[in-house]
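Thanks for coming. I will take a few minutes to walk through one model, starting with the ground rules and then going through its parts.

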Amino acid sequence: MILRNSLLELLLTLLLLFGVTTIVRWVVGPSPISSAIPSFEVQLLIVGVAVGVLLCGLIVSPLGRVSGGHINPAITLTMWRFRVFPGVSVVPYILAQLAGSLLGVLVARAVWGPVTDNPPVSDASLSPAPGWSSWAVFPAEAASMAVIVLLVGWFLSVPRLAPLMPAVIGLLVGLGIALLGPITGGCINPARQFGPALVSGRLGFLWVYLLAPMAGALLATALHRLLPRQPVLTHRLCGTHADGSPLR
């Protein structure tokens with residue numbers, strides 16, 4: 001079960017990063033689409049919408065419904081801290097997600113060719129705006145992840161709200177890309193930057209993008225315990241019921 005679900009997370013993360021790199025290649029890189037949208041802010045908005053829709057689709061896909069559709073090491077850590085996900089599966093899931101990130105970028109590179117290596121695509125790697133240090137990016141990325149985790153905890157503790165979770169996550173990630181992209185890079189997912197950074201060689205801020213979402217997840221799960229609440233009912237981001245059942 002652990003091996004199967006970890007492999008599903010690898011495949012889901014591969015599909016996400018292949019999709020992200022493809023979207024960046026066509027919306028930001030040289031193409032008729034990017035030529036028709038000269039504003040970088042508008043390009044980021046389109047990227048955010050497309051990635052949000054893709055992520056939502058992966059969470060509710062048959063693969064996502066089985067594994068939980070985490071596709072993000074910080075979410076896996078969150079579900080363990082919420083006590084709905086076994087600790088023994090945390091490391092296999094995270095390793096699978098990071099491996100899927102790397103493979104997704106490599107597949108995109110093989111499909112789209114050298115254009116993915118060069119700016120402005122740069123293998124879909126992220127970097128903050130000029131003047132932003134690692135220590136400025138860290139709290140911004142951590143806070144963004146903390147907001148997502150608090151909402152995940154709330155929605156997954158209310159059965160009638162749980163099925164909305166994939167759309168909420170897609171919306172929040174899309175907003176993060178559109179709003180934070182020009183400032184911090186808008187990562188909010190260690191797996192989002194792991195493969196692109198390794199393939200492109202842009203490793204300068206990698207430690208921030210890996211650790212800040214994890215720190216935000218730990219902070220938010222601690223805060224969640226202090227709030228009046230129902231317990232989180234599932235580790236599956238699709239929520240389920242109606243009728244994909246669980247939700248204990």
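Predicted model: local features only at pLDDT ≥ 70, side-chain atom pairs only at ≥ 80, totals over all residues.

Residues are numbered from 1 along each chain as its sequence is written, and side-chain values use heavy atoms, with hydrogens and water left out.

Helix packing comes first. Two packed helices are described by the angle between their axes and the distance between the axes. The axes are lines fitted to C-alpha atoms, for helices over the stretch in contact, and the angles run from 0 to 180 degrees between N-to-C directions. Helices here are DSSP runs (H or I, at least four residues), numbered from the N terminus.

Take helix H9, residues 190-200, and helix H10, residues 206-226: their axes come within 9 Å and cross at roughly 165°. H9 and H10 are therefore roughly antiparallel, a term for angles over 145 degrees. Their crossing is left-handed, that is, the near helix is turned anticlockwise from the far one by less than a right angle; clockwise would be right-handed. From H9, the contact (heavy atoms within 4.5 Å) uses Pro-190, Gln-193, Phe-194, Ala-197 and Leu-198, and from H10 it uses Leu-206, Tyr-209, Leu-210, Pro-213 and Met-214. By class, that is nine nonpolar residues, one polar and no charged. Ala, Val, Leu, Ile, Met, Phe, Trp, Tyr, Cys and Pro count as nonpolar, Asp, Glu, Lys and Arg as charged, and the others, Gly among them, as polar.

Next, helix H7 (residues 134-155) packs on helix H8 (residues 165-180) at about 170°, with the axes 11 Å apart. That makes H7 roughly antiparallel to H8. The crossing of H7 and H8 is right-handed. H7 brings Ser-144, Ile-148, Leu-151, Val-152 and Phe-155 to the contact, and H8 brings Met-165, Val-168, Ile-169, Leu-172 and Leu-180. This contact of H7 with H8 has nine nonpolar residues, one polar and no charged.

How do H1 and H9 pack? Their axes are 10 Å apart, at an angle of about 65°. That makes H1 roughly perpendicular to H9, the term for 65 to 115 degrees. Thr-13, Leu-17 and Val-20 of H1 meet Ala-191, Arg-192 and Pro-196 of H9. The classes in this contact are four nonpolar, one polar and one charged.

Now the largest pocket. A pocket is an open set of points on a 1 Å grid over the protein atoms alone, where a 1.4 Å probe fits, with protein on both sides within 12 Å along at least five of seven lines; lining residues have an atom within 4 Å of a point. What lines the largest pocket? There are 38 lining residues, and Leu-126, Ile-177, Gly-185, Gly-186 and Arg-192 lie nearest its centre. H3 gives the most to this lining, with six residues. By class, the lining has 27 nonpolar, nine polar and two charged residues.

Last, the backbone. Most residues other than glycine have a negative phi, and most peptide bonds are trans. Pro-119 and Pro-120 are joined by a cis peptide bond, with omega about 5°. Pro-120 sits in the loop between helix H6 (90-112) and H7. Ile-71 has a positive phi, near 55°, and is found in the loop between helix H4 (62-67) and helix H5 (73-81).

Methods:
Helix = DSSP H or I, 4+ residues; strand = E, 2+ residues; numbered from the N terminus. Parallel < 35°, antiparallel > 145°, perpendicular 65-115°, else oblique.
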